[in-house]
Amino acid sequence: MEMAVIFPQENPQMNFAAALRRDLAEQAKKYAQDESLPYCLSYGDPPIVCFAPHDQGSRHGNFLPGSHKAIQANPAWRRRLAKVHTEGRRSLPNTDRGRWMELDACTSSDALLMNIFCHPGVARDGKVSALLGVEAGTPPDFGYKARVPLANGKFDRTEVDVRLGNLLIEAKLTESNFQSAEKEVLMAYRDFSEVFDRKQLSQTDDRYLSYQLLRNVLAAYALECSFCVLIDARRPDLAGAWYAVMKCVRPVELRTKLRISTWQEVARAAPSSVRTFLAAKYGISRECFK
């Protein structure tokens with residue numbers, strides 16, 4: 001009989017996701033006021049800052065100007081800005097635009113990802129690429145659709161946050177966890193039992209935890225790619241969940257292609273203008289850059 005391994009519950013006194021969400025909201029509000037940027041607050045507690053684009057889309061408060069200019073010049077990147085905020089009508093005031101977008105929110109991991117990887121200076125100096133083990137100048141492919149083989153001969157079009165050459169990246173910020181899925185969903189993947197020691201995976205009686213990580217590791221295996229989880233250093237809970245998955249990976253070669261990095265490490269390798277922006281808007285301490 002398969003043994004169920006229950007992942008430890010998060011200490012209610014140490015809700016890292018809620019704490020980071022609160023910190024980001026406070027930092028974003030201060031940044032918006034200091035820079036005289038248009039923004040609004042959500043109805044939640046704590047209220048989340050959402051930035052509105054300037055007239056004619058010349059600037060957007062949630063983005064570093066250099067990154068925003070590059071995004072506007074790239075049709076594939078620009079389409080990412082049009083993702084509608086699913087909770088916008090319920091949790092945000094009305095806007096003249098008619099609706100809020102997901103990447104307007106100060107807590108958007110996609111916006112943070114694009115702020116860094118769309119910036120021309122990041123591509124030019126190559127230090128971030130070197131940190132992640134990819135060739136300098138490799139263009140990012142956001143929302144990459146990976147074809148993960150299923151046991152029935154079909155494919156699951158898993159969306160990966162970004163692909164850089166042969167590196168797949170799953171980026172997180174204030175998300176609570178990596179989600180879970182019923183066991184039969186994971187068992188439908190062709191390589192699931194070959195890639196993972198199923199008995200050791202974090203699970204309940206009928207669900208596997210960290211579903212997004214399991215699915216992305218399977219994508220990396222099928223594509224012969226490396227895989228990196230990119231999180232905030234203030235989220236040790238997410239790091240723990242990833243380490244719990246990594247130790248269950250069977251193929252040694254695949255295990256050597258799995259890694260974790262933090263926004264703080266990436267910021268340290270980024271150009272000074274990006275570092276300054278990340279410190280001011282996201283509260284990534286300048287002490288991290290020493």
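## Strands, helices and backbone

Trainee: Which residue takes a positive phi in the hairpin of β4 and β5?
Mentor: This hairpin leaves two residues between its strands. Strands here are DSSP runs of E with at least two residues, helices are runs of H or I with at least four, and both are numbered from the N terminus.

Trainee: Before we go on, what should I know about the model itself?
Mentor: This is a predicted model, with local features needing pLDDT of at least 70 and side-chain atom pairs counting only at pLDDT 80 or more, while totals for chains, interfaces and linings use all residues. Residues are numbered from 1 along each chain as its sequence is written, and side-chain values use heavy atoms, leaving out hydrogens and water.

Trainee: In what order do the five strands of the open sheet come?
Mentor: Two strands pair if DSSP finds at least two bridges between them. The edge strands, each pairing on one side only, are β3 (140-149) and β9. Pairing in the sheet is mixed, and the order is β3-β4-β5-β8-β9.

Trainee: In which sense do β5 and β8 pair, parallel or antiparallel?
Mentor: On its β4 side, β5 pairs in the antiparallel sense over three bridges, with L164 and L167 as bridge partners. Towards β8, E170 stands opposite V229, and A171 stands opposite L230. Five bridges join β5 (residues 167-171) to β8, and their sense is parallel.

Trainee: How many residues of β5 are buried?
Mentor: Buried means under 20% relative accessible area, exposed over 50%, and partly exposed in between, using a 1.4 Å probe and protein chains only. L167, I169 and A171 point one way, L168 and E170 point the other way, and all are buried. β5 is thus mostly covered, and the count is five of five.

Trainee: At about what angle does α10 run to β3?
Mentor: Axes are lines fitted to C-alpha atoms, for helices over the stretch in contact, and angles run from 0 to 180 degrees between N-to-C directions. Contact means heavy atoms within 4.5 Å. α10 lies across β3, β4 (155-164), β5, β8 and β9, and its angle to β3 is about 80°.

Trainee: Is Q212 buried or exposed?
Mentor: Q212 sits in helix α10. Leaving aside residues up to four places away in sequence, Q212 touches E170, K172, N177, F178 and Q179. Its relative accessibility is 9%, so Q212 counts as buried.

Trainee: S210 and E224 interest me too; which of them counts as exposed?
Mentor: Each has a positive phi near 55° in a residue other than glycine. S210 lies in the loop between β7 (207-209) and α10, and at 9% relative accessibility S210 is buried. The loop between α10 and β8 holds the other residue. At 63% relative accessibility, the exposed one is E224.

Trainee: Why is α11 described as largely enclosed by the rest of the structure?
Mentor: Its buried residues are D237, L238, A239, A241, W242, A244, V245 and M246. They pack against α1 (16-35), α10 (211-223), β8 (226-231), α12 (252-255) and β9 (258-262). Helix α11 (residues 236-246) is largely enclosed because its buried residues number eight of eleven.

Trainee: Are α5 and α14 roughly parallel or roughly antiparallel?
Mentor: The axes of α5 (residues 109-117) and α14 (residues 272-282) come within 11 Å and cross at roughly 160°. Angles under 35 degrees count as roughly parallel, over 145 as roughly antiparallel, 65 to 115 as roughly perpendicular and the rest as oblique. The crossing angle therefore makes α5 and α14 roughly antiparallel.

Trainee: Which residues of α14 do the α5 residues meet?
Mentor: Ala, Val, Leu, Ile, Met, Phe, Trp, Tyr, Cys and Pro count as nonpolar, Asp, Glu, Lys and Arg as charged, and the others, Gly among them, as polar. From α5 come A111, L112, N115 and I116. The contact of α5 with α14 holds six nonpolar residues, one polar and no charged. On the α14 side, the partners are F277, L278 and Y282.

Trainee: Last one: which residue does a cis peptide bond join to D45?
Mentor: Most peptide bonds are trans. Here omega is about 5°, and the place is the loop between β1 (39-41) and β2 (49-51). The residue joined to D45 is P46.
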